[in-house]
Amino acid sequence: MNYLLGRGEVLTTPVNRASGGGSKSPPYDFVTAKQRVSEKLLNTTQELEQIPDRACPDNKVVAIFTLHPRYISKSDFPEALLRNTSLQALGSLSRRITPERWGVNSHPESALTDDLFVVGDKQSFATWSGQIEDWSEQTQGASQLTHLEDILPFRVERKIRSIPPDQDKAVFEIVLHNGGDSSIVEQYYDYVVDLNAEPVRQRRRDVKGLTFLPVRAE
């Protein structure tokens with residue numbers, strides 16, 4: 001049964017709805033964030049410089065930007081920072097970390113965050129490393145330094161999933177980010193042959209910027 005209430009307006013009160021998207025208290029102030037990133041970037045740049053040129057198509061290398069767990073929303077993506085440093089995000093993987101600082105009193109011991117795989121030429125990383133000490137809070141993308149928990153080179157150990165322990169030779173599936181540029185795959189063919197390995201070209205598959213390529217190798 002439905003009841004019809006007289007003067008129903010007296011049973012209601014205004015609701016003040018809190019607006020979302022307010023500013024966050026960052027885990028690191030700007031000076032601290034710049035110093036942390038500067039040190040990590042220098043170490044990363046030095047390690048990336050050691051990668052042989054033949055392993056760097058078009059002189060491109062990949063680093064990992066670990067985002068602070070409080071800055072993994074789409075709106076917090078460090079787009080301005082990447083644009084100002086001439087770097088590009090290829091993709092990401094989730095990982096649980098315990099950051100150095102949280103910036104809030106109430107927080108878990110650890111949390112899931114995103115590792116961004118970031119590509120650029122060696123000079124882009126070197127240029128940023130050389131200029132970051134002169135950055136101010138007004139520099140494009142500088143405010144997003146507080147979003148970064150770590151910067152690391154993309155090391156070999158993270159690329160390998162499994163190696164058969166009981167065989168002298170095996171077939172490995174190699175996954176390349178080709179960036180829509182077929183010349184990257186051609187350069188990889190030359191690199192593989194230089195290592196006395198055999199790319200199985202007829203089994204190559206290209207899917208949305210990725211190339212899946214079997215390679216027979218020791």
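Me: Why does H177 count as partly exposed?

Reply: This is a predicted model. The relative accessibility of H177 is 42%. Buried needs under 20%, and exposed needs over 50%. The value for H177 falls in between, so partly exposed is the label.

Me: Where is H177 found, and what does H177 touch?

Reply: H177 is found in strand β5. Leaving out residues up to four places away in sequence, H177 touches L90, I184, G209 and L210. A touch here means heavy atoms within 4.5 Å.

Me: How far apart are H177 and V119, in sequence and in space?

Reply: They are 58 residues apart in sequence. From C-alpha to C-alpha, the distance is 10.0 Å.

Me: What makes β5 and β8 a pair?

Reply: Pairing takes at least two bridges between the strands. Strand β5 (residues 170–177) and β8 have eight, so they pair. The two run antiparallel. Within this pairing, L176 stands opposite T211 in β8.

Me: How do you know that β6 pairs with β8?

Reply: The cut-off is at least two bridges. Strand β6 (residues 198–199) has two to β8, so the pair qualifies. The sense is antiparallel. E198 has R216 in β8 as its bridge partner.

Me: What joins β7 to β8?

Reply: Three bridges join strand β7 (residues 205–207) to β8, again in the antiparallel sense. V207 stands opposite L210 in β8. The hairpin of β7 and β8 has two residues between the strands. There, K208 takes a positive phi near 50°.

Me: What makes β8 mostly covered?

Reply: Strand β8 covers residues 210–217, and six of its eight residues are buried. Each of those six is under 20% relative accessible area.

Me: How do you know that the span of helix α1 agrees with its number of residues?

Reply: Helix α1 has 20 residues, 30–49. The expected span is 1.5 Å times one less than the number of residues. That gives 28 Å for α1. The end C-alpha atoms are 28 Å apart, so the span agrees.

Me: Which residues of α1 are buried, and what do they pack against?

Reply: The buried residues are F30, A33, K34, R36, V37, S38, L41, T44, T45 and L48. They pack against β1 (60–67), α3 (122–131) and β4 (148–153).

Me: What caps the N-terminal end of α1?

Reply: D29 does. One of its side-chain oxygens lies 3.1 Å from the backbone nitrogen of V31. The limit for a polar contact is 3.5 Å, so this pair is within it.

Notes. Residues are numbered from 1 along each chain as its sequence is written. This is a predicted model: local features need pLDDT of at least 70, side-chain atom pairs count only at pLDDT 80 or more; totals for chains, interfaces and linings use all residues. Side-chain values use heavy atoms; hydrogens and water are left out. Helices (H or I, at least four residues) and strands (E, at least two) are DSSP runs, numbered from the N terminus. Buried means under 20% relative accessible area, exposed over 50%, partly exposed in between (1.4 Å probe, protein chains only). A polar contact is a pair of N or O atoms within 3.5 Å; within protein, one must be able to donate a hydrogen and the other to accept it, and residues adjacent in sequence count only if both atoms are side-chain atoms.
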